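Morning, everyone. Let me walk you through one structure. Please look at the screen while I talk.

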Amino acid sequence: MTEILDLPYTIQTIVEKKVWVPGKLFSIKTTRDPEFSFKPGQYARLGLPLGLDEDEKTPPASDMTWRAFSMVNQPDDEHLEFFATLVADGLFSPSLYDLEAGDTIYIDKSVFGFLTIDQFPQGGTLWLLSTGTGLSAFLPMLNDPKTWELFDRVILCHGTRYINEFAYTDMIQSVKERYGDRFVYLAISTREAHKDLPQKRLTDLIVSGELAELAGHPMDPEEARFMLCGNPGMTTEARKLLGERGFKSGRRGNLGNLAVEKYW
Ligand SMILES: Cc1cc2nc3c(=O)[nH]c(=O)nc-3n(C[C@H](O)[C@H](O)[C@H](O)COP(=O)(O)OP(=O)(O)OC[C@H]3O[C@@H](n4cnc5c(N)ncnc54)[C@H](O)[C@@H]3O)c2cc1C
């Protein structure tokens, strides 16, 4: 692990790579700068020197290619972890997918994002709606004791196309074992039958009322707080649907009950 003082990034090393779905979903663990601190739900900017001279160890940040990735790990873990999709014709993710343990990755020293539990008033039900890798931002919240001090229950909804895209299920199961009835996990696949769950988009399940029914809990703006994370189709539509039900983002220091992060 190296830190170069006047650069806006640190140079880190991949310590582990896991492929969840070959050619599609993977995660990487990296070394971490001790100064890099974040809250669950925030994201880092990862950089690669795409198309640059390989001998240049500290290229100018403006020459590198950067992309945002939510931290999956806990703030006090030794390593950072990121869960990623390989976008076949993407600029950055194919090169990220090709990295192996021992390879270098650049990480911006700054931390970004406002999808954090301190955006909400204390108490009530925390709904976490994600599609695809949007799950990433919510994983550190599930393991953060503060989440369970602040909210009565947590409902995690993960929408994917296929069943094999339900990642981190062991970790989610361990949260269930710890928090029991206070935690509901709904893994919804649109293209394959999964348990007794409907094969529908999360937004369709909001409209039909099935999501509240499956969760065993109403979507009441008086007590529920919603976070949305993932593909912009879901976040935009869900924001609109929840807005019609009385949910609002926080503004000018007033806490809201709706927070949204789009991945593209
Ligand atoms: C705040 C924020 C946090 C993010 N966190 C993550 C994360 O934790 N994990 C992650 O995989 N990506 C995350 N992303 C997306 C990531 O930054 C890149 O956009 C993604 O890796 C694709 O980059 P690319 O250069 O390969 O694709 P580009 O050449 O930039 O092509 C962009 C296209 O790729 C597709 N795309 C982008 N991101 C995704 C995705 N996550 N899943 C499916 N399709 C996608 C969309 O069609 C988009 O139009 C995040 C984005 C933002 C804004």
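Two salt bridges cross the interface of domain 1 and domain 2 under the rule used here. That rule asks for a side-chain nitrogen of Lys or Arg within 4 Å of a carboxyl oxygen of Asp or Glu. A word on the source: this is a predicted model, where local features need pLDDT of at least 70, side-chain atom pairs count only at pLDDT 80 or more, and totals for chains, interfaces and linings use all residues. Residues are numbered from 1 along each chain as its sequence is written, and side-chain values use heavy atoms, with hydrogens and water left out.

Where are the domains? Domain 1 covers 9-108 and domain 2 covers 117-262. Those bounds come from an automatic or database domain assignment. Between the C-alpha centres of domain 1 and domain 2 there are 26 Å. Domain 1 puts 18 residues into the contact, and domain 2 puts in 16 residues. Contact here means heavy atoms within 4.5 Å.

Now the buried area. Domain 1 and domain 2 bury about 1,500 Å² between them, and carbon and sulfur atoms give 59% of that. This is the accessible area (1.4 Å probe) that two parts lose on being put together, summed over both.

Back to salt bridges. Lys39 pairs with Asp118, with the closest N and O atoms 2.6 Å apart. Which elements give two or more residues to the side of domain 1 that touches domain 2? They are β1 (9-21), β2 (25-30) and β5 (80-85). β5 gives the most, with four residues. Strands are DSSP runs (E, at least two residues), helices are H or I runs of at least four, and both are numbered from the N terminus.

The structure holds 10 salt bridges. One of them joins Lys200 and Glu210, at 2.8 Å from N to O. Lys200 sits in the loop between β9 (183-189) and α5 (202-208), and Glu210 in helix α6 (residues 210-215), so this pair ties together parts 10 residues apart in sequence.

Last stop, the ligand. Of the 20 residues around the ligand (a heavy atom within 4 Å), Ala68, Phe83, Phe92, Ser93 and Thr133 come nearest. Ser93 has a side-chain N or O atom 2.6 Å from an oxygen atom of the ligand. Arg67 places a polar side-chain atom 2.9 Å from a ligand oxygen atom. Ser70 uses its backbone: an N or O atom there lies 3.1 Å from an oxygen atom of the ligand.

How values were computed
Polar contact = N/O pair within 3.5 Å; in protein donor to acceptor, adjacent residues only side chain to side chain.
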